[in-house]
Amino acid sequence: MADEKKKTPCPTCMGKKVIDGICETSGEWRGKTEDGQVCTPDQTCPTCKGKGYVNS
Ligand SMILES: [Zn+2]
């Protein structure tokens with residue numbers, strides 16, 4: 001057996017290491033923001049912790 005470590009691209013971030021921020025619009029936020037839109041910032045992928053791959 002070859003002693004190689006398999007690294008699988010993270011399925012959560014697709015190897016990008018970060019999760020893209022998502023903008024959503026909801027009436028709930030109207031008044032909290034100018035246009036009722038709330039965006040989450042890009043964040044380090046919690047699945048691979050920013051490595052872009054996971055050990056399998
Ligand atoms: Zn990831």
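A residue is called buried if 20 or more other C-beta atoms lie within 10 Å of its own, exposed if 12 or fewer do, and partly exposed in between, with the C-beta atoms placed from the backbone. The structure is a predicted model, in which local features need pLDDT of at least 70 and side-chain atom pairs count only at pLDDT 80 or more, while totals for chains, interfaces and linings use all residues. Residues are numbered from 1 along each chain as its sequence is written.

**Exercise 1.** Decide whether Met 14 is buried or exposed, and say where it lies.

*Solution.* Begin with the count: Met 14 counts as exposed because it has 11 C-beta neighbours inside 10 Å. Most residues other than glycine have a negative phi.

**Exercise 2.** Describe the phi and the surroundings of Lys 17.

*Solution.* Lys 17 lies in the loop between strand 1 and strand 2, and its phi is near 75°, again a positive value in a residue other than glycine. Since 16 other C-beta atoms lie within 10 Å, Lys 17 is partly exposed.

**Exercise 3.** Which residues are in contact with Thr 47, once its neighbours within four places in sequence are left aside?

*Solution.* First locate Thr 47, which is in the loop between strand 5 (43–44) and strand 6 (53–55). Then apply the rule that two residues are in contact if their C-beta atoms, placed from the backbone, lie within 7 Å, and the partners of Thr 47 are Cys 10, Thr 12, Cys 13 and Val 54. Take Thr 12 as a case: it is 35 residues from Thr 47 in sequence, yet the two C-alpha atoms are 6.6 Å apart. Thr 47 counts as partly exposed because it has 13 C-beta neighbours inside 10 Å.

**Exercise 4.** Summarise the protein chain as a whole.

*Solution.* Count the elements, which come to zero helices and six strands, and which run β-β-β-β-β-β from the N terminus. Lastly, consider contacts between residues at least 6 apart in sequence, of which 60% join residues at least 24 apart.

Note on methods
Helix = DSSP H or I, 4+ residues; strand = E, 2+ residues; numbered from the N terminus.
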